[in-house]
Amino acid sequence: MSLSGDPIKEKIMTRKRFSTAVENLVAKGNTTYIDAAAYVVEQRGLDYKNLKKLLTDSLKQKIEAEASSLNLIRAKKGNKLPVWLILLSPINYITH
C-alpha cells in the first residue's frame, strides 16, 4: 500500500483495492454499493467496461442484491416458495 493508505489513489487498481475502496465508502457514509463503485471508477478515470474485472465475488453479490431490491434487475429464482403459497400451506392450518 502507499503512504496515503487510500486504495482509490493507488497506482494500480486491483480487485482487492477496488473492493476495499468500495467497502470503505459504504462504511463511511450514506452511500450504496452501486454509487460507491461508480464513484471509484470516476475518480480513477477507469472505463466502465473494465468494472467486471474488478469485482470480487462478495462485492458482486452485494451489488446484485442491492440492484434486485431496487428492481433494477430481476432477482435470481431459487428454491424459494412465493409468499402466498407459504401462507396457504397446510401446516399453517394445524391447530394444537
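Figure 1. At 33% relative accessibility, Lys62 counts as partly exposed, a class that lies between buried (under 20% relative accessible area) and exposed (over 50%), with a 1.4 Å probe and protein chains only. This is a predicted model, in which local features need pLDDT of at least 70 and side-chain atom pairs count only at pLDDT 80 or more, while totals for chains, interfaces and linings use all residues. Residues are numbered from 1 along each chain as its sequence is written, and side-chain values use heavy atoms, with hydrogens and water left out. Lys62 forms a salt bridge with Glu23, and the closest N and O atoms are 2.8 Å apart. The pair links distant parts of the chain, with Lys62 in helix H4 and Glu23 in helix H1, 39 residues apart. A salt bridge here is a side-chain nitrogen of Lys or Arg within 4 Å of a carboxyl oxygen of Asp or Glu, and a search of the whole structure finds one. Side chains of opposite charge can pair when their charged atoms come close.

Figure 2. Glu23 is partly exposed, with a relative accessible area of 22%. Leaving aside neighbours within four places in sequence, Glu23 is in contact (heavy atoms within 4.5 Å) with Tyr33, Leu59 and Lys62. Glu23 and Ala36 are 13 residues apart in sequence, and their C-alpha atoms are 8.0 Å apart in space.

**Figure 3. Ser19, a buried residue of helix H1.** Helix H1 spans residues 15–28; helices (H or I, at least four residues) and strands (E, at least two) are DSSP runs, numbered from the N terminus. Ser19 counts as buried because its relative accessibility is 12%. Not counting residues up to four places away in sequence, Ser19 touches Thr56 and Leu59.

**Figure 4. Tyr39 in helix H2.** Helix H2 comprises residues 33–44. Tyr39 has a relative accessible area of 40% and is therefore partly exposed. The C-alpha atoms of Tyr39 and Val22 are separated by 8.5 Å, the two residues being 17 apart along the chain.

**Figure 5. The second largest pocket and its lining.** The volume of this pocket is about 160 Å³. Its lining consists of Ile34, Ala37, Ala38, Tyr48, Leu51, Leu55, Ile63, Glu64, Ala67 and Ile73, and H2 and H4 each supply at least two of the lining residues. On a 1 Å grid over the protein atoms alone, a pocket is an open set of points where a 1.4 Å probe fits, with protein on both sides within 12 Å along at least five of seven lines; lining residues have an atom within 4 Å of a point. Grid points are joined across faces, edges and corners, and a volume is the space filled by probe spheres set on the points.

**Figure 6. A nonpolar surface patch that includes Leu72.** Leu70, Leu72 and Ile73 make this patch of about 290 Å². Such a patch joins nonpolar side chains (Val, Leu, Ile, Met, Phe, Trp, Tyr) within 5 Å, from residues with over 30% relative accessible area and no salt bridge; areas come from the Shrake-Rupley method with a 1.4 Å probe, and for residues only the protein chains shown count as cover. Leu72 lies in the loop between helix H4 (57–69) and helix H5 (83–87). With 56% relative accessibility, Leu72 counts as exposed.

How values were computed:
Patch = residues over 30% accessible without salt bridge, like charges linked within 9 Å, V, L, I, M, F, W, Y side chains within 5 Å.
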